[in-house]
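Please look through the structure below with the sequence at hand.

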Amino acid sequence: MDKFRMIFQFFQSNQESFMNGICGIMALASTQMYSAFDFNCPCLPHYNLAYGLGILLVPPFILFLLGFVLNNNISMLAEEWRRPQGRRGKDPSVLRYMFCSMAQRAMIAPAVWVSVTLLDGKSITCAFCTSVPVETLGNASHPPLSQGEIQRLLARIPCKEIYNGQQLIANEVAVRYLRCISQALGWCFVLLMTTLAFLVRSLRPCFSQAAFLKSRYWSHYIDIERKLFDETCAEHARSFAKVCIQQFFEGMSTDLVAARCHLPRKAPANAGEAAEKLLGIIDQGTMNMALKSWHRCKPPLHLHPPALPTGNGWAGEGQPPTHPSAPRRETAAYYSWV
């Protein structure tokens, strides 16, 4: 249990670790789904190809979309892409980094499905059983058949229990031929995916490491900023609700006292603290205006110290900033009486 707890804590440490854990779980789920899937080829000339390629390509597409749905950054990316320009510019490199990061993680489960399907060979056997070279692998002395009859016989190769063309071509020979081709394609696909991942991981720092770090930093900043904004809004809503409820009960107690129902009154414990957390936003319209302002014109990413008050007003109003003067050197002289 301690190891599982440590793994779970690692997944919750940051957004990337969490999404890596989700993608790993989806990859394992895709293999379990394929092992539990009951593959039934229709064994008909016009349906085998559609069924085999559908099993090979449709579930990976669904898993790819599911990887985007489970990624929390998809809503953040859409919000950042569609928001108005406002007081903060939008960096296309950051948006591109976020999309590429989500796409790479969403591709893990589909790649696992395609690899397992090709290595198993059932879908390729079902899809291309009518393309088996009968002249090379079959019996050349078999009585001649029409093209339609040959296609109907070959379409039953995946269904061993109803296959009746052993005299034309042996079922084991055709299945082994197609399965070897499928496994070769599967290993080539695994090698291709591994090579691409290696090149992306190893060669990217050699060309655009500075741009990559910049994009990664600001993508993390957008994620953290969104979380802090949600937490701040939740805290403000809690304080607002607390003050509203306290005012409601104070009004009720006042009405009861006015009705000559003498009740002991006790000052609320944290009324002042809850009111301070409202930060002056004490009505619904002002809060809605603040939320719209955050969406339309986010503050610029420029931190500046607050202005300091002076004798004639606030420093920095109506005048350019001045550089601090150099520190004055002081010398000390020591006298001794001899």
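The model is predicted. Its secondary structure comes to 12 helices and 2 strands. The chain has 338 residues, of which 27% count as buried. Among contacts between residues at least 6 apart in sequence, 77% join residues at least 24 apart.

The helix contacts can be taken up with α3. Helix α3 covers residues 48-70 and helix α6 covers residues 108-120; their axes come within 8 Å and cross at roughly 160°. Angles over 145 degrees count as roughly antiparallel, so α3 is roughly antiparallel to α6. The crossing of α3 past α6 is right-handed. On the α3 side the contact is made by I55, L56, P59, P60, L63 and F64, and on the α6 side by A109, P110, W113, V114, T117 and L118. By class, the residues of this contact are 11 nonpolar, 1 polar and no charged.

Helix α6 also meets helix α5, which spans residues 92-106, and here the axes come within 4 Å and cross at roughly 30°. Angles under 35 degrees count as roughly parallel, and α5 and α6 are therefore roughly parallel to each other. The residues in contact are Q104, R105 and A106 from α5 and I108, A109 and P110 from α6. This contact has 4 nonpolar, 1 polar and 1 charged residues. A109 and P110 take part in the contact with α3 and also in the contact with α5.

G67 lies in helix α3. Its relative accessibility is 7%, so G67 counts as buried. Leaving out residues up to four places away in sequence, G67 touches M26 and A106. A106 is one of the α5 residues that meet α6. The C-alpha atoms of G67 and I108 are separated by 8.7 Å, although these two residues are 41 residues apart along the chain.

S123 is found in helix α7, residues 122-127. At 1% relative accessibility S123 counts as buried. Apart from residues up to four places away in sequence, S123 touches F39, G52, L56 and T117. Of these, L56 and T117 also belong to the contact of α3 with α6.

C43 sits in the loop between α2, residues 15-36, and α3. C43 has a positive phi of about 55° although it is not a glycine. With a relative accessibility of 4%, C43 counts as buried.

In soluble globular proteins, nonpolar side chains tend to be buried together. The largest nonpolar core here has 13 residues, and V132, L154, I157, L168, I169 and A174 touch the most other members. Two elements give two or more residues to this core, namely α9 (147-154) and α10 (171-258). What is I169 in contact with, leaving aside its neighbours within four places in sequence? The partners of I169 are V132, L137, G138, L154, Y163 and A174. Among them, V132, L154 and A174 are also in the group touching the most other core members. A second, separate core of 12 residues includes F68, M76, L77 and F212.

Definitions and conventions
Residues numbered from 1 in each chain as written. Predicted model: local features only at pLDDT ≥ 70, side-chain atom pairs only at ≥ 80, totals over all residues. Heavy atoms only, no water. Axes fitted to C-alpha atoms, helices over the stretch in contact; angles between N-to-C directions. Parallel < 35°, antiparallel > 145°, perpendicular 65-115°, else oblique. Left-handed = near helix turned anticlockwise from the far one by under 90°. Contact = heavy atoms within 4.5 Å. Nonpolar A, V, L, I, M, F, W, Y, C, P; charged D, E, K, R; others polar. Core = buried A, V, L, I, M, F, W, Y, C linked by side-chain atoms within 4.5 Å. Buried < 20%, exposed > 50% of the residue type's maximum accessible area, 1.4 Å probe, protein only.
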